[in-house]
Amino acid sequence: MATTFLTYITSPFSIRPVDESEYETPSSSSHPHPLPLFSPLLIPNNSSDARDHCANERTFLSWLRLSIYMSVVSVAIVVSFHLKNQPTAIERQIALPVGLTFWALSLACLASGAANYVKTVQKYARRRALVQSGWKTQLVFTVVATAIVASCVLFLSTNAQSQK
């Protein structure tokens, strides 16, 4: 009884781990088997596989952290978070578009990180992983960096105008 309860707690849906050897051979059709969605994929640790998996997870977590930071910044911009004084008319006018831009970039960072993670795990399962960033990742990163620099310039210019 205790073993059954423990098994149910650890795996309530009776999900079994899947060996990656099941996914190396194509099925009767020309398409390979789809990767498991909720089952853990067991891959033998040859050479640096464990290190590469950990690096892939750290990369995804970095994208997730950037996405969270940008969403917090977007909320702070939209509510015109000021500690000492009330926002000026210009600041209130640009708060919503800039905040929505940061929110969209936050979602783009999350999507880019998740897509990169899933793509790399699928390549690991097929033993064809090449750990490098693609043009999509570079594009998202460039747009995010440009938006951050542009918003800093915008905030400094509106601050200089309100100081006069």
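Predicted model: local features only at pLDDT ≥ 70, side-chain atom pairs only at ≥ 80, totals over all residues.
Trainee: Where do I begin? How many helices and strands does the protein have?

Mentor: Start with the secondary structure. The protein has four helices and two strands. Then read their order. From the N terminus on, the elements run α-β-β-α-α-α.

Trainee: What share of the residues counts as buried?

Mentor: The protein has 164 residues, and 22% of them count as buried.

Trainee: Now the inside. Which residues make up the largest nonpolar core?

Mentor: First the general idea. In soluble globular proteins, nonpolar side chains tend to be buried together. Now this case. The largest nonpolar core has eleven residues: W63, M70, I77, A95, V98, F102, L105, C109, V140, V144 and A147. Helix 2, helix 3 and helix 4 (135-163) each give two or more residues to this core. Helix 3 provides the largest share, with five residues.

Trainee: Let me take one member. Is I77 buried or exposed?

Mentor: The relative accessibility of I77 is 11%, and the cut-off for buried is under 20%, so I77 counts as buried. I77 sits in helix 2.

Trainee: How far apart are I77 and V98 in sequence and in space?

Mentor: Along the sequence, 21 residues separate I77 and V98. In space, their C-alpha atoms are 7.3 Å apart. Always check both numbers.

Trainee: What about nonpolar residues on the surface? Which residues form the nonpolar patch?

Mentor: V75, V78, V79, L96, L100, W103 and L107 form the patch on the surface. Together they have about 650 Å² of accessible area. The elements giving two or more residues to the patch are helix 2 and helix 3. Four residues, the largest share, come from helix 3.

Trainee: On to charges. How many salt bridges does a search of the whole structure find?

Mentor: The idea comes first. Side chains of opposite charge can pair when their charged atoms come close. A search of the whole structure finds one salt bridge. The partners are the side chains of R51 and D52, at 3.6 Å from N to O.

Trainee: Why does that distance count as a salt bridge?

Mentor: The cut-off is within 4 Å, so the 3.6 Å between R51 and D52 qualifies.

Trainee: Are R51 and D52 buried or exposed?

Mentor: Take them one by one. R51 has a relative accessible area of 55% and is exposed. D52 has a relative accessible area of 19% and is buried.

Trainee: Next, the rings. How many aromatic pairs does the search find?

Mentor: The search of the whole structure finds one aromatic pair. The rings belong to F60 and Y117, with centres 5.6 Å apart. Their planes stand at 40°, so the pair is tilted.

Trainee: Why is the word "tilted" used for F60 and Y117?

Mentor: Planes under 30 degrees apart count as stacked, and planes over 60 as edge-to-face. The angle of 40° falls in the rest, so the F60 and Y117 pair is tilted.

Trainee: Which parts does the pair tie together?

Mentor: F60 lies in helix 2 (residues 49-78) and Y117 in helix 3 (residues 89-125). The pair therefore ties together parts that are 57 residues apart in sequence. F60 is partly exposed at 23%, and Y117 is partly exposed at 27%.

Trainee: One more residue. What lies 2.7 Å from a polar atom of the T120 side chain?

Mentor: The backbone oxygen of N116 does. T120 is in helix 3. With a relative accessibility of 11%, T120 counts as buried.

Trainee: Where is A111, and how far is its C-alpha atom from that of S67?

Mentor: A111 is in helix 3. The C-alpha atoms of A111 and S67 are 9.3 Å apart, and the two residues are 44 residues apart along the chain. A111 counts as partly exposed, at 46% relative accessibility.

Definitions and conventions:
Residues numbered from 1 in each chain as written. Heavy atoms only, no water. Phe/Tyr/Trp six-rings, centres within 6.5 Å; stacked < 30°, edge-to-face > 60°. Buried < 20%, exposed > 50% of the residue type's maximum accessible area, 1.4 Å probe, protein only. Polar contact = N/O pair within 3.5 Å; in protein donor to acceptor, adjacent residues only side chain to side chain. Patch = residues over 30% accessible without salt bridge, like charges linked within 9 Å, V, L, I, M, F, W, Y side chains within 5 Å. Areas by Shrake-Rupley, 256 points an atom, 1.4 Å probe, with all protein chains shown as cover. Core = buried A, V, L, I, M, F, W, Y, C linked by side-chain atoms within 4.5 Å.
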